[in-house]
Amino acid sequence: MPMPDDRWWGWVGPLLVTALAGFLRFDRLSVPRKFVFDEVYYAKDSLDLLHHGVELNSQGTGPGFIAHPPLGKWLIAVGQAIFGHNSFGWRFSAAVVGTLSVLLLARIARRLFRSTLLGCFAGLLLTLDGLAFVQSRAAMLDIFLMFWVLAAFGCLVVDRDAARRRLAAAEPVAGAPAARLGFRPWLLAAGVCLGAACSTKWSGVYYVVAFVVPALAWEVGARRAAGSRRPLLAGLRRASLPITGALVGVDGLVYVASWSGWFLGSARTAYDHDWAVDGAHRLPHPVEVLQGWLHYHAEILNFHTTLISGHPYRSHPIGWLLLARPVSYFYSSPKNGELGCTAASGCAKEVLAIGTPVIWWASIAALVAMLWLWAARRDWRAGTILVGVAAGIVPWMYSDLHRRTEFFFYALPALPFLVLALTMCAGVALGRRKANDVRRIIGATAVGGYLLLVVLNFFYLYPVLAAKVIPYPEWSARMWFGSWI
């Protein structure tokens, strides 16, 4: 199916949606004017990176053991370098990246479904999702992880289209020899983005593994469509090395490069930097520095695999799509006359990391539809969406078997794929362009009605997403279940 020919509107529409996302994310960004949840760690670590190139201990007197790679904190540091060490400064980069994610998703959906309208629909859903909104306004790592995963996926989709065009030109006759695709910049870009994801949080590696599967499947399918005599053999022979090299090899190089500050540090500032040095007063050999780096990673791995401490907002991955246990990042109870509270019974002010229910609950049905579209129609888009969702949730189910402490916001990288599932269902509801008017009107009404519900649901929850001071009864009315408190 050809791309839409509305190139001008194909950019204007997504950019308008992105502008709305940017307004919502930057409005009152500095509120609350104190740390929320894990900002207390990441804002400080980012400031350390800015001044020392590595993270220091909590007292700032020596090297600190840090459980996550540095790239996400470097990005947070950009905002602090520009605006200072304040709530706006340490949240600025998250808001920028959260806003750009909307543009990325809108353009990716446009390419996947060959519709600017559906691209804007996807962008609006991400704009109006509560979890994406909250994470875009918090100095935490997950919004950066989601962005890089989404960017990698977008690069792979563009590479898929480019590869099919090249193969169609190179193998127009059935039985033609397996063609080489040559230099594939978008495939390399996907590897860079996946490397950036892993350099933000180790859970990015789930998407490295997951994306290799559809990338190889697309290659085989493209060669079959181009008339290759043995598409499976040709695809594996010609594509295995480029795909694994880009998604794994380039990924690894980016990951190592993200630790440059640590490698350039010393025992006085970089944790385990001189772990392999025998104690003599000398500069460590590069091999010894590498040994220290590997030992540091072994300690990080041990930390993550043994993190079983209790937490009041701990949740099970099975309940994430149901929004069973959101996370309260911030809560205060202003009394009458405080912070603009005028209610005699007092007020509440909260930042609750929760998805928009109309999006998350509907996505369960959409995933069932994806299973049907993939199994019955062999629609590659549905299959890829399922892979994206599974990579963001299923590995955490295994971790939960070992009682690892997990939180709902870990599901954020899966959110764009949930939105794509809903968007694909919206496309089915709208029907083909050649469908009769009645069919199109019914479909448009259903999709428009759903979008209206999303808007109403998001703005109803907005006060508890953005730390607005509201009367306590109004706050209580928004806590639909006891597990949300």
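Student: What volume does the largest cavity have?

Tutor: On a 1 Å grid over the protein atoms alone, a cavity is a set of points where a 1.4 Å probe fits but cannot get out, and its volume is the space filled by probe spheres set on the points, which are joined across faces, edges and corners. In this predicted model, where local features need pLDDT of at least 70 and side-chain atom pairs count only at pLDDT 80 or more, totals for chains, interfaces and linings use all residues. Residues are numbered from 1 along each chain as its sequence is written, and side-chain values use heavy atoms, with hydrogens and water left out. The largest cavity has a volume of about 110 Å³, and the search of the whole structure finds four cavities of 30 Å³ or more.

Student: Which residues lie nearest the centre of the largest cavity?

Tutor: Lining residues have an atom within 4 Å of a point; there are 17 here, of which Val54, Glu55, Pro70, Trp259 and Trp262 lie nearest the centre.

Student: Is Ser203 buried or exposed?

Tutor: Buried means under 20% relative accessible area, exposed over 50%, and partly exposed in between, with a 1.4 Å probe and protein chains only. Ser203 is buried, its relative accessible area being 13%. Ser203 lies in the loop between α8 (185-198) and α9 (205-225), and, leaving aside residues up to four places away in sequence, Ser203 touches Leu145 and Trp396, where contact means heavy atoms within 4.5 Å.

Note on methods: Helix = DSSP H or I, 4+ residues; strand = E, 2+ residues; numbered from the N terminus. 1 Å grid on protein atoms, 1.4 Å probe; cavity = no way out; pocket = protein on both sides within 12 Å on 5 of 7 lines; lining within 4 Å.
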